[in-house]
Amino acid sequence: MKMLLRNTGTMLHFRKNCCNMFTILKRLSSLSNEPPDLSQKPVPFVHGNFQENSKTIQGAREEIDHVCQILESGPWGPTLECALSVLEGRTQPNLVIGVLRRLKDVNLAINYFRWAERKIDQAHCPEAYNSLLMVMARSKNFDHLEQVLAEMSIAGFGPSNSMCIELVVSCVRSQKLREAFYIIQTMRKFKFRPAFSAYTTLIGALSVFQESDLMLKLFHQMQELGYELSVHLFTTLIRVFAKEGRVDAALSLLDEMKSNSFNADIVLYNVCIDCFGKVGKVDMAWKFFHEMKAHGLMPDDVTYTSMIGVLCNANRLDEAVEIFEQMEQKRNVPCAYAYNTMIMGYGSAGKFDEAYSLLERQKAKGCIPSVISYNCILTCLGKKGKVEEALRIFEGMKIDAAPNLATYNILIEILCKAGNVEDALRVRDAMKENGLYPNVMTINIMVDRLCKAKKLDEACSLFENMDHKVCSPDEITFCSLIDGLGRHGRVDDAYRLYEKMLDFDKVPNAVVYTSLIKNFFSCGRKEDGHKIYKEMLRRGCSPDLMLLNVYMDCVFKAGETEKGRALFAEIKERGLVPDARSYSILINGLVKAGFAHETYELFYAMKEQGCVLDTCAYNAVIDGFCKSGKVNKAYQLLEEMNTMGHQPTVVTYGSVIDGLAKIDRLDEAYMLFEEAKSKGIKLNVIIYSSLIDGFGKVGRIDEAYLILEELRQKGLTPNVYTWNCLIDALIKADEINEAFICFQSMNESKCTPNHVTYSILINGLCSVRKFSKAFVFWQEMQKKGLKPSAITYITMISGLAKAGNIAAAHELFERFKAGGGVPDAAVYNALIEGLSYTNRAVDAYSLFEETRRKGLNIHTKTCVVLLDALHKAERLEQAAIVGAVLRETAKSQHASKYW
């Protein structure tokens with residue numbers, strides 16, 4: 001760059017000299033292992049100078065060889081520069097160009113280029129710069145591209161059209177399309193005009209990978225540069241946008257094409273019919289079909305076949321038949337593609353008699369059905385589970401067409417799917433007898449189906465016995481088996497297979513890592529799941545949105561809330577856009593972790609992003625609103641679901657009914673309950689339990705019983721939560737005896753009580769001062785290995801103390817503290833009083849001091865009872881302290897009354 005700025009005055013003179021050398025340079029181009037440019041006019045050699053010219057070319061070749069040997073002798077540095085400097089005349093432009101065309105290392109080329117520039121003390125000619133760009137194209141290394149193009153821009157020339165095309169094509173061949181896009185954008189940055197073919201080549205390559213936005217940007221640049229567009233180019237863009245379902249963008253391009261006075265040809269109409277139809281826009285496909293006829297274009301075989309396929313896929317079979325018959329009337333020879341499509345349509349609709357009839361009709365017209373026709377029928381029979389009929393067709397087809405590899409694969413899949421593994425193996429053997437050998441697709445089908453049928457040993461055996469000379473496992477084989485093993489708990493075997501996959505030089509993709517992460521977490525081995533994710537990143541595999549969603553779901557379910565939040569943030573950091581599932585997982589995870597109040601903010605973030613909610617997302621948001629107390633908002637979303645065409649599920653109704661029941665809006669909850677039943681939704685035990693709990697808490701016991709009765713009539717079995725809700729309601733309504741009858745019914749129905757059940761009963765019995773009976777339940781609870789809650793401990797300790805069973809109460813008290821429990825003031829007061837009543841004044845006073853140290857409130861009655869016990873035990877000093885506390889307590893109570 002500096003050299004160019006320093007020598008701008010000499011640039012024109014240098015370019016003039018370069019023009020004089022043009023003919024020699026063209027001759028020298030043959031020395032660089034590049035094909036000669038045949039487009040140039042040959043330079044004539046007169047007979048007398050032929051020998052001299054040959055010597056000149058030979059000498060130039062030797063000079064280039066000599067320089068290249070020096071450059072390749074070691075790393076660039078002072079030693080290498082010295083070796084170059086001793087050679088006289090080694091910086092002539094033609095020599096520099098010849099050397100650059102030989103080099104493959106772009107860094108070495110750049111160093112030599114700069115060295116030569118310094119030696120001649122002037123900028124290089126366009127041909128030298130283009131030669132340097134050629135090295136970049138060959139090595140796919142564009143680190144210095146922007147700098148080189150900037151120098152060329154200042155020098156007043158740009159890359160040649162052929163070089164521009166070569167740069168783009170080299171990237172396209174190695175599928176580095178982003179780099180190709182970068183090259184064109186860098187050229188535009190310096191106001192260069194990339195070649196027309198460079199644009200069209202890259203647009204065509206991007207269309208394969210559905211990169212519609214990049215394609216459109218290139219297309220608009222072509223328009224800005226004034227390039228003449230074609231119907232073919234419009235067709236390429238419209239096809240991609242239509243396939244992606246971006247109908248508005250596709251139609252906009254179509255309108256733009258028409259406004260530019262281009263007439264749509266039959267290829268464009270066929271593309272529109274096929275692509276719009278495949279994304280569900282059947283009426284639009286019909287419109288194009290009629291429009292082309294209105295413009296004088298007669299539908300061809302592709303048009304009819306595409307339209308028939310679109311209608312069949314949309315279950316509009318009658319219209320497909322009508323189009324097929326129209327086509328048949330205009331043809332003498334049947335169109336095999338149309339017949340196959342129609343046969344597939346009949347088969348997909350389960351109308352196999354019509355499909356067989358069409359086969360016979362094809363034969364009657366002198367066209368023997370191909371193996372493809374039979375493969376279509378077999379595929380449809382497999383989807384409908386008609387195994388016996390598929391076997392019959394397979395045997396019968398041999399009269400018309402010999403089964404091919406695809407036929408056997410279809411049949412093997414049908415048999416494996418039906419669980420007939422032995423029959424599938426026999427078909428595989430028959431396949432070999434007929435000279436066809438199972439390919440990797442055959443193995444993949446069998447491995448996948450065996451894994452899904454939980455026949456993992458057979459799948460592993462099939463994998464191990466593969467003849468690698470004939471058929472080697474591919475990434476799909478490994479992925480299917482790794483996932484199958486992991487899903488059924490054999491995660492160590494899955495990981496060993498993953499290591500074998502690496503040994504086979506197969507590159508695991510995001511699907512493999514997703515399976516490993518999910519299955520390790522499912523087995524409770526979250527640390528191993530985290531390690532897999534780190535290993536994936538270390539190996540250079542970028543996670544996709546599905547992997548991050550699955551990983552986030554796993555960590556939330558493992559209780560790692562902050563890690564889950566971090567993964568959601570990572571989705572955005574990686575340039576991915578969170579979808580409805582991402583938000584659903586985040587909301588569900590936060591709700592279960594006690595952060596339901598964040599649902600509102602996340603819901604509006606979804607809306608602002610333009611995220612389209614599916615049923616799962618609606619359920620997550622509704623549940624979050626209900627658990628955060630925003631039941632009205634949840635109710636609105638339930639209505640919105642219906643409006644948007646999403647049918648509420650049992651989960652949806654369950655969340656809203658539970659939310660309404662918890663805030664005592666029971667009549668609304670019951671109306672929603674009836675609405676769900678009227679829609680044919682099968683309600684589960686959870687919903688019935690929510691209503692039982694709601695009615696029970698407000699004392700509407702009879703209605704709670706009616707709900708329980710209906711639950712049983714529906715064939716459902718009350719679970720432990722259902723019984724706990726009813727028992728708790730009865731105890732709170734002082735129906736202790738009825739609660740015990742319920743408890744007995746619970747045991748009789750073989751529903752095992754849990755620690756909550758016992759806690760409810762113990763608390764209820766203590767509340768009516770039936771401490772001895774409560775202690776019996778306490779002991780029963782201990783025998784069953786159930787761990788009491790802190791509230792149950794406190795209730796039981798207080799109850800035993802009040803009942804005079806001080807020894808048991810004190811033992812329980814010490815055990816509670818040893819287990820990390822924190823007794824409250826009620827426990828301390830009850831124990832102090834109990835110890836005082838049983839003449840254990842010293843122990844009572846010790847607890848009194850502990851209560852004061854903890855800052856807990858000591859009741860007046862407790863002080864009086866303890867004071868009396870201390871006097872009886874002649875502990876006057878301690879009695880004085882208790883008396884002082886009693887006086888302070890009395891004063892504070894008096895002051896509080898006054899205020």
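Which residue does the side chain of R246 meet in a salt bridge? The close-up views below, taken from a predicted model, begin with this pair.

**View 1. R246 and D213 joined by a salt bridge.** The side chain of R246 meets that of D213, with a distance of 3.0 Å from N to O. The two residues lie 33 residues apart and link distant parts of the chain. R246 belongs to the loop between α14 (231–243) and α15 (247–259), while D213 belongs to helix α13 (residues 212–224). R246 is partly exposed, its relative accessible area being 32%.

View 2. K557 is exposed, at 65% relative accessibility, whereas D553 is buried, with a relative accessible area of 19%.

**View 3. A salt bridge between K861 and E833.** The closest N and O atoms of this pair are 3.7 Å apart. K861 lies in helix α50 (residues 860–872) and E833 in helix α48 (residues 825–837), so that distant parts of the chain, 28 residues apart, are linked. E833 is buried, with a relative accessible area of 14%; the cut-off for this term is under 20%.

**View 4. A network of salt bridges.** Four residues, E325, E328, R361 and K365, are linked in this network. In total, the structure holds 54 salt bridges. Side chains of opposite charge can pair when their charged atoms come close.

Conventions: Residues numbered from 1 in each chain as written. Predicted model: local features only at pLDDT ≥ 70, side-chain atom pairs only at ≥ 80, totals over all residues. Heavy atoms only, no water. Helix = DSSP H or I, 4+ residues; strand = E, 2+ residues; numbered from the N terminus. Buried < 20%, exposed > 50% of the residue type's maximum accessible area, 1.4 Å probe, protein only.
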